[in-house]
Amino acid sequence: MSNAAAKPRRPAREWVPILKEYREPSFTRSMFELLTTFVPYVFLWATAWWSLAAELYWVTVPSVILIGMLMMRMFAIQHDCGHGAIFKSWAANRWLGRCLGVICIAPAAVWAKKHDVHHATHGNLDRREMGDLLTLTVAEYNAKSPFVKAAYRLYRNPYFLLAFGPFYSFFLEYRLPVRLMDRTEYWISAMGTNFSIAIVLGAIYSFGGWDPILYIFVPSTLIGAFCGVWVFYIQHQFEGVEWDHQGNWSVHDSALYGSSYYVLPGWLNWFSCNVGIHHVHHLYSRIAFYRLPEVLRDHPELAATNRVTFRDSLQCMKLKLWDEDTRRMVNFATADQIANQGTLAPAE
C-alpha cells in the first residue's frame, strides 16, 4: 500500500505542543462553514420535496444523494462539536451538537461519550470497548467455536457491515443509550433526540404525508450513514495500523500510528470535513476540521504518514484480524493457515 507504514521523524508525543498551535477556532470561519452546509441542505430538501410531488424523479434522486452527502458533513461537524472544536464556548458546541444530532438522528451526548471512549482506548487490545469496530487477534479468533467464528465472519463481511451496519447504528442503536443505560444524562440525550425527531417527522407528515419521509428522509439518512461508516472503517482498519496490550500501548502512538490519513479528492474532503486527516485529529482532537489541512501544509512529514488512497481502501476490506506475531492486519485465509499449519501466508 502507499506509504501506509511510514512514520514521521518525531515521536508521537512531541507533536502535541506543535499541534496545540492550531487549536483555536475562528468564529467567522465556523459560521461560514455552517452556512455553506445548512443553506444547500434546506434548498435541496425543498427541491427534492417539490420534484417528488411533481413526479420529476430525475431531479429527486440526485437531490436525495446530495442531501445524504450533506448529512455526512453535518455529522462530521457534530463530531467536532463533541470535541469542543467548532466554537470556543463549550455551551455553543453542545447546543449545536444537539441540533445536529436531531438532523443526523444521533443523540449528541451518547455519541460524544462513545467517541471519547474510542479516542481513549483505540488500539489497546485490553480495552476494546465501545465506539470501535470489534477486531479480534488471530489467536483469539482461532480459539473460538465454529459458531462464533461464523458470526465474526458475518460481522466483518463488507456487504453485511456496510449494508446493515449504517441502518443498525443510526436507526436502531442510537434510539437507546446502549451500554450507557445507568446514566440519566444519556437517557435524556437519547429520548430528547428521539422526541425532537418525532416532532420533525410529524411536521413533514402533516404537510406531505409518507412520501417525503420514505423517499427523502430515509434514503438520504442511509446514504449519509453509509458514507460515515465507510470512512470510519478505513480510519482504523488499514495496513500499517498498530495494536498493543496495555503495557506497551500509548495513547499518543495509537493516535498517530493507529489512524490513517485517507487521501481523498477535494470535493470529498469538503463533504467529510477533512475527517480523512484522522491521524492528526486523533493526536489533537480540539483542532477544527477546517484547520487540519493547515497542519499537513506546514508539516509535510505528517502528510506522508499512514497514507491510504481510495484504491488502497478497497483492499483494506480484506483485513479482518490482528496478528500479534507479525504485527499486522491479516485476512481469514491467513488465520486459517496459521491454525492449520502454524505458518504464515505471504503478505497480502
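This is a predicted model: local features need pLDDT of at least 70, side-chain atom pairs count only at pLDDT 80 or more; totals for chains, interfaces and linings use all residues.

Trainee: In which order do the 3 strands of the open sheet stand?

Mentor: As a general idea, the strands of a sheet pair through backbone hydrogen bonds, in either a parallel or an antiparallel sense. In this structure, the order is β1-β4-β5, and the pairing is mixed. The strands β1 (136-137) and β5 (328-330) each have a single partner strand and stand at the edges, so one side of each lacks a neighbour in the sheet.

Trainee: In which sense do β1 and β4 pair, parallel or antiparallel?

Mentor: Strand β4, residues 321-323, pairs with β1 in the parallel sense, over 2 bridges. Within β4, Trp 322 is the residue that stands opposite Thr 137.

Trainee: Where is Lys 144 placed?

Mentor: Lys 144 belongs to the loop between α6 (138-143) and α7 (146-155). With a relative accessible area of 36%, Lys 144 is partly exposed; the term applies to values between the buried limit of 20% and the exposed limit of 50%. Leaving aside residues up to four places away in sequence, Lys 144 touches Leu 136 and Lys 149.

Trainee: Which residues make the nonpolar surface patch?

Mentor: The patch is made by Phe 164, Phe 167, Tyr 168 and Leu 172, and has an area of about 350 Å². A residue must have over 30% relative accessible area to be part of a patch. Phe 167, which lies in helix α8 (residues 158-172), is partly exposed at 33%.

Technical notes
Residues are numbered from 1 along each chain as its sequence is written. Side-chain values use heavy atoms; hydrogens and water are left out. Patches are made of residues with over 30% relative accessible area and no salt bridge: like charges are joined within 9 Å, nonpolar side chains (Val, Leu, Ile, Met, Phe, Trp, Tyr) within 5 Å. Accessible areas come from the Shrake-Rupley method with a 1.4 Å probe; for residues, only the protein chains shown count as cover. A salt bridge is a side-chain nitrogen of Lys or Arg within 4 Å of a carboxyl oxygen of Asp or Glu. Helices (H or I, at least four residues) and strands (E, at least two) are DSSP runs, numbered from the N terminus. Buried means under 20% relative accessible area, exposed over 50%, partly exposed in between (1.4 Å probe, protein chains only). Contact means heavy atoms within 4.5 Å. Two strands pair if DSSP finds at least two bridges between them.
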